[in-house]
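Subject: Structure for your review

Dear colleague,

Please find below the structure that I am handing over to you. I would be grateful if you would look through it alongside the notes in this message.

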Amino acid sequence: MDGTKIIGRAPESLSLDERRRFAGAWVALEIYTPETLPLRRIEAVGASAAECIAQLQQRGLDPHQFEFMPLNGRF
């Protein structure tokens, strides 16, 4: 699964085709705080939350600052 095309995008901005293609995939979204922008961006995509955590760690990001959820076509 190549999620590089949706990294950095808001889940709401995904096209219908992208939503279908990534349905069931897990994503990591930065947890909103007053210091972060209200726009939530996808920062990792994988077959599991564990894969997302590994991707974040490889990029030097703290997984504790992210929430993990499976994508579906209805968000």
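Overall picture

Please keep in mind that this is a predicted model. The mean pLDDT of the chain is 88, and 91% of the residues reach 70 or more. Among the elements, helix 2 (residues 49-58) has the highest mean pLDDT, at 97, while helix 1 (residues 16-21) has the lowest, at 90.

The chain contains two helices and three strands. Read from the N terminus, the order of these elements is α-β-β-α-β. The C-alpha trace spans about 30 × 25 × 15 Å along its principal axes. For 75 residues, a compact globule would have a radius of gyration near 11 Å, and the 12 Å of this chain agrees with that. Of the contacts between residues at least 6 apart in sequence, 54% join residues at least 24 apart. The chain exposes about 4,700 Å², of which carbon and sulfur atoms supply 53%. Of the 75 residues, 31% count as buried.

The strands

Strand 1 pairs with strand 2 in the antiparallel sense, over four bridges. Within this pairing, W26 stands opposite G46 of strand 2. Strand 1 is also joined to strand 3 (residues 66-70) by five bridges, and these two strands run antiparallel as well. Here L29 stands opposite E67 of strand 3.

The nonpolar cores

Which residues form the largest nonpolar core? This core has nine residues, namely I6, L14, F22, A25, V27, L29, I42, V45 and L71. Strand 1 (26-30) and strand 2 (42-46) each supply at least two residues of this core. There is also a second, separate core of five residues, which includes A28, A44, C52 and L56.

Leaving out residues up to four places away in sequence, L56 touches A28, E43, A44, L61, P63, F66 and F68.

One of the residues touched by L56 is E43, and E43 has its place in strand 2. Is E43 buried or exposed? E43 is buried, because its relative accessible area is 17% and the cut-off for burial is under 20%. Residues up to four places away in sequence aside, E43 touches I7, A28, L56, R59 and F66.

Beyond its neighbours within four places in sequence, E18 is in contact with I6, R9 and S13.

Yours sincerely,
A colleague

Conventions: Residues numbered from 1 in each chain as written. Predicted model: local features only at pLDDT ≥ 70, side-chain atom pairs only at ≥ 80, totals over all residues. Heavy atoms only, no water. Core = buried A, V, L, I, M, F, W, Y, C linked by side-chain atoms within 4.5 Å. Buried < 20%, exposed > 50% of the residue type's maximum accessible area, 1.4 Å probe, protein only. pLDDT = per-residue confidence, 0-100. Rg over C-alpha atoms; globule rule 2.2 N^0.38 Å. Contact = heavy atoms within 4.5 Å. Areas by Shrake-Rupley, 256 points an atom, 1.4 Å probe, with all protein chains shown as cover. Pairing = 2+ DSSP bridges.
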